[in-house]
Amino acid sequence: MAQAFFGGVHPNDMKAATNEKAIEQLAPPAIVVIPMSMHFGAPCTPLVKAGDHVKVGQKIGEFRGLGAPIHASVSGTVKAVEPRPYNMGGNMMSVVIENDFQDELSEEVQAPADPEALTVEQMVEAVKNAGIVGMGGATFPTHVKISGGIGKVDTVIINGAECEPYITGDHRTMLERPEEIIGGATYLAKMFGTDKVIIGVEDNKQNGIDSMNKVIAEKNAPVVVEALHCRYPQGGEKQLCQAITGKQVPPGGLPANIGCAVFNINTTCAIYRAVTQGMPVVRKIVTVSGSGVIDPKNIECPIGTPVSNLFDACGGLKDGTYKLIMGGPMMGMAQYTTDVPVGKGTGAMLAFCENEEQTVEHPQCIRCGKCVAACPMHLEPLFMYQYAEKGMLDELNDAHIMDCMECGACAYACPARMHLTHMFKTGKQKLKDKMAADKAAAEAKKAAEEAKAAEAQKEAVNK
Amino acid sequence: MTDYKNLKLIATSSPHIRGAETTRSIMLDVIIAMVPALAYATWQFGFEALLLTAVSVAGCMFWEWLYRKLMKKPQSVGDLSAVVTGMLLAFVCPASTPLWMIIIGDFFSIVVVKQLFGGIGKNFVNPALAGRAFLLGSYAGVMTSWVDPAQNKVPLFGGTVDVVTAATPLALMKSGDLEALSQYSALDMFLGKIPGSLGEVSALLLIVGGVYLIWRKVINWQTPVAYIGTVAVLTFLFPQHGMSGLNWMMYSIFGGGLMLGAFFMATDYATSPVTKKGQLIFGIGCGLFTVFIRYFGSYNEGVCYSIMVMNLFVALIDKCTKPARFGVVKSEKKEAAAK
């Protein structure tokens, strides 16, 4: 068993509700809303306008700079290109497509004649054209990670930890589509030129491990599955690297700094489909669960499906549902409407109707230090909270708040129910704003001084 | 089907789930851990011991309630921390302490030491110990007359004038009266058949409570083990009055308030370091001061003051024991320091 990382918590995994339910295909939705931002980076520019006819897999959004293209997930007519609610809160320019239920595949989707003959560059190009991003939720463009990591990376890790409670999409994928995972992992080994890819899986998914090992043995693939002790946030990129290699990613760095690259299970499947079929990311497996859902399920649906369609497919919501969360309960975003669509990074849609949160009215820190013991990034949340509360931004920076990845382990462990993660999210933003302001002020000062010096020089010359 | 438009949704920051442990459940565990020692005290010193503890608890809760009420602050009695303080203050007083006196101690502990600094988590010395120090300074006679449990119990009501008192083993150790000390065997010390403060006498039952707290993950083992370990090593190496090292060590660690202090006082969250490394240093410091006071000080017991002194070092210890930053390897740090 792999060595663990420091800290973390062990929440009840709540996976029993869906981990034995096969992935179901959602009945085609009448309308899909595809936001132009489903990746880390600037939003895409829409390539279609209202009235256009689109087919499945047709490119409808082009990225600029860091990003990934976006494709139509159903065939039909573009009804509107307008700002709509999306998962990060607020509105985002979105392409609204009315489904014609014909499911016509776009001509743009071309399977290569012989996938095995593709060069590394061609494979990276296929990944880029397929619009693949980190499907675990971070949504970092995968082609950037691969092309940036080639030559630096010697350890390719597939993230099958799925450490967030409730979510079982990756687990079901391991059971139902192991050949896609192993196939994708094999292509990754080829792209990075490594002879081994490691799949890290928490030991609560033993049948998933067995299922993948069977395929590895059949295909003699350059892949090994490593069982990990259950511990949240095992699926955090830095924690997974630490658990598997024993090395720590330096502050502000990426796994590539220690020779690692980490890909989610479903990202790996998407790579497989892109390389073998030229198929872009148009569908997503979502776990619909939580106390507010009548019949929890794992559902595969087109990207852009409004989440209300998902709940309908699960028998609807119970009375008294007070919270909808896109993503896991530890890091997911609470949503204020069921109009938000499923994005590339949406792994779960949860509804709560019981007292999961257990908030208290006047939380008061008792200095128990359980947050310090829980922080996988070796921070001291209780002190960071005090600095953030009082607006002490310099102290906040010295306490390395920027290392915080908002995993929520501290707040989970806190017996006083302090709003730690919330405070760190706002504190980080304030600190970023201040740094930007300081930088701008310093630049303005420098420019003024230079102008003054130039003026003085000019005068001196004139004299 | 569900009417999605009329859902009453709240949107808050993640995480959306919380662990089962609460401040109240932690305090309840501490109370449970003290029950065996309280039961023993009642059996040993009489029902007065139970009454004194009950009054102290009621006093602490009353003062906390009254202060928060007068200051128009949200009520906090429900977190049960005042109950813990009340029990601990009674535990460190003689069983014969008058009830009115403990209520004054409660006032000092809760209002002066805890609430004036901002309530739970904000006080910088242990409220119960500060309350005891206050009572000891104010009523030295009463606070140092120890009922002899071998001869009599404390009467439930009425004066304590006729009660037979005896010197504690620690006092005998201080004065070197080995003949008088020999009436108590090491086993008596361990089980608690000795005169002393209400809740401190039975080392065995305090260890049971402490182990319960460690098992429940309420406290870490670092503080009590470092504290008791330091006292044990020092007293073993430097026995006094010609006693053997082992014997002197047993009398030293089972006598006085060491077990109560190590498991229940030095582990107080608000007044101890937040990292395990810090707790180890804190425990060693408490042990050093305890032995120094017992050996060189004018008091025969040093647990109370040693913990209070170390409480003042907590901010410094916290500063010096910050966890190593994630991703910064030790050799790199040395290089950075060298530059």
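1. B:Pro15 lies in the segment before α1 (23–45) of chain B, helices being DSSP runs of H or I of at least four residues and strands runs of E of at least two, numbered from the N terminus. The bond that joins B:Ser14 to B:Pro15 is cis, with omega near -5°. The model is predicted: local features need pLDDT of at least 70, side-chain atom pairs count only at pLDDT 80 or more, and totals for chains, interfaces and linings use all residues. Residues are numbered from 1 along each chain as its sequence is written, with chains lettered from A in the order in which they are written.

2. Chain A also has a cis peptide bond, between A:Tyr232 and A:Pro233, with omega about -5°. A:Pro233 belongs to the loop between β11 (223–228) and α6 (237–245). Most peptide bonds are trans.

3. Positive phi values deserve a check. A:Arg417, not a glycine, has a phi of about 60° and sits in the loop between α12 and α13 of chain A. A:Arg417 counts as buried because it has 20 C-beta neighbours inside 10 Å (buried: 20 or more other C-beta atoms within 10 Å; exposed: 12 or fewer; partly exposed in between; C-beta atoms placed from the backbone).

4. B:Lys72 likewise is not a glycine and has a positive phi of about 55°; its place is the loop between α2 (47–70) and α3 (81–91) of chain B. B:Lys72 counts as exposed, because it has 6 C-beta neighbours inside 10 Å.
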